[in-house]
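Please keep the structure in view while reading.

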Amino acid sequence: MLVQDVSRGSWNRVTEDVHHALNGEAAAKLRTLVPRQVRREAGSFFTSGGVRQSFEDLLSSHIDSSERLWFWDPTCGAGDLLLAATAHLPLGQSPAETLSLWGRRLRGQDLDDSFVGAARMRLLLTVLQRHRLEDSWAPLTERQQRNSFRHIQVGDGLEALHEAASSKRFYGHLLLNPPYGARTVGRECAWASGKTSQAAIFSSTAIDALKAGGRVVAILPDVLRSGSRYNAWRRRFEAHATVEEIAPYGLFDNHTDVDVFLISAKRKKGGHAGSVQWWPPRLANETSIGDLFHVRVGSVVDNRDPHTGIESPYLTARDLPADGEMPLPARTREFNGAKVTPPFVAIRRTSRPGQGAKGSFRGAGVLVVGNEAVAVDNHLIVASPKDGTIDKCRELIKVLGSQSSAQWLDERIRCRHLTVRVVKELPWPLEDGLF
Ligand SMILES: C[S@@+](CC[C@H](N)C(=O)[O-])C[C@H]1O[C@@H](n2cnc3c(N)ncnc32)[C@H](O)[C@@H]1O
């Protein structure tokens, strides 16, 4: 209806509707029509608002008009990334000419035909709106509308990427915000095994599908940038692509509980090891927590480990105060595995970027004192001082509770779980006289 109105030139009534259709409306409609759980399982969340703006900025800052301006989104949803790309496409003399020009240069797939229909409709509206602003508007026939953007199709984008990788590779810009859910991979995947983020699979295949000089601009879950599980993905990515920019972003949006980062990278000619700063570098001769503490995850997996052995104090995240110091926990448990002798500092593994539990900073630690070994739950990370002193633990609590550590953690690892490796790498500023 909207497309028909503007194709005929009846803009008066619908200018605002067109603006909404081209901005956050698709994402908002998706949220009202499809339950959250179904959206999560299908990995359907559309790029709108702040994250779309950041994507546009990233695309614009690396694109050069001398480059081949062809764009492909293999999981296009309602077309938001392709819409962002159209800002770089020139207009023809008339809407019909632009349709034919852009139609050749924009390519996309999605498994959901209603998304594909919405993407085509929104691209058509963009053509008409741009011509209107340039005063070169002319009506389109129904046939022209129906036949527009035929390369945006219902289909499996991963298959299409594999096909391109094994035949005629794509030379242009691959735009990517793929589904993030996990899928089990087998021997066919050289860099992962077991449950693996689809975003890692899509982005890695996207690099394979590009000709040298082609670019991928992607929004990806932060775990790929900062999680130790994705080390091999990062090594493979940097071996085949020159990374131009990595920008940690934060929560995708207020409705989608995933931290993301944006990346722009160009396909290299061959494959050779690269070195990319995926997170802030550690300075040479900088002391870090791992130099002064033994850091490990608590050993008790409560629903798995049998209640046998010596009854010991049992520390869980639930019983941990927000910060400060505590005596031996009152809760006890029989446990045969490794226990931790106080003094030590306990840190919650799950914490959101920007804030910790119960109002404390993310990564805030609690000093545990007492004269009995403690069974520690595996939702906690434990740091035991190499010098065995309570004073060292108190210093660590200050370090962990500082604004600068919280900031460092947020840049280094935006996904939920703190890891042993990240805690070990956290800089120890005391020697700089900061405390
Ligand atoms: C996170 S959404 C992003 C959509 C769009 N790229 C954007 O940024 O707004 C991921 C999309 O991938 C689609 N999808 C999931 N698996 C796919 C596949 N194998 N091939 C094509 N599309 C797929 C989903 O239907 C969903 O629309």
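The model is predicted; local features need pLDDT of at least 70, side-chain atom pairs count only at pLDDT 80 or more, and totals for chains, interfaces and linings use all residues. Residues are numbered from 1 along each chain as its sequence is written.

Seen in order, β3-β2-β1-β4-β7-β9-β8 form an open sheet of 7 strands with mixed pairing, where two strands pair if DSSP finds at least two bridges between them. β3 and β8 (241–253) are the edge strands, each pairing on one side only. On average, neighbouring strands of this sheet are turned by 15° against each other, direction ignored. Within the sheet, β1 (residues 71–73) and β2 run parallel and are joined by 3 bridges; Trp-72 has Arg-107 of β2 as its bridge partner. Helix α11 (residues 198–209) packs on the sheet and touches β4 (173–176), β7 (215–221), β8 and β9 (256–267). Contact here requires C-beta atoms, placed from the backbone, within 7 Å. The direction of α11 makes about 175° with that of β7; axes are lines fitted to C-alpha atoms, for helices over the stretch in contact, and angles run from 0 to 180 degrees between N-to-C directions.

Which residues come nearest to the ligand? Of the 23 residues around the ligand, these are Thr-47, Thr-75, Gly-77, Gly-157 and Asn-177; a residue is near if its C-beta atom, placed from the backbone, lies within 6 Å. The elements giving two or more residues to this shell are α6 (80–85), β2 (106–110) and α10 (157–166). By class, the shell holds 10 nonpolar, 8 polar and 5 charged residues. Ala, Val, Leu, Ile, Met, Phe, Trp, Tyr, Cys and Pro count as nonpolar, Asp, Glu, Lys and Arg as charged, and the others, Gly among them, as polar.

Asp-135, in the loop between α8 (113–133) and α9 (142–146), has a positive phi of about 60° although it is not a glycine. Phe-149, in the loop between α9 and β3 (152–154), likewise has a positive phi, near 50°. Are these two residues buried or exposed? Asp-135 is exposed, with 6 other C-beta atoms within 10 Å, whereas Phe-149 is buried, with 24 C-beta neighbours inside 10 Å. Buried means 20 or more other C-beta atoms within 10 Å of the residue's own, exposed 12 or fewer, and partly exposed in between, with C-beta atoms placed from the backbone. Finally, a cis peptide bond with omega about 0° joins Pro-342 and Pro-343; Pro-343 lies in the loop between β13 (332–334) and β14 (344–348).

Conventions: Helix = DSSP H or I, 4+ residues; strand = E, 2+ residues; numbered from the N terminus. Contact = placed C-beta atoms within 7 Å.
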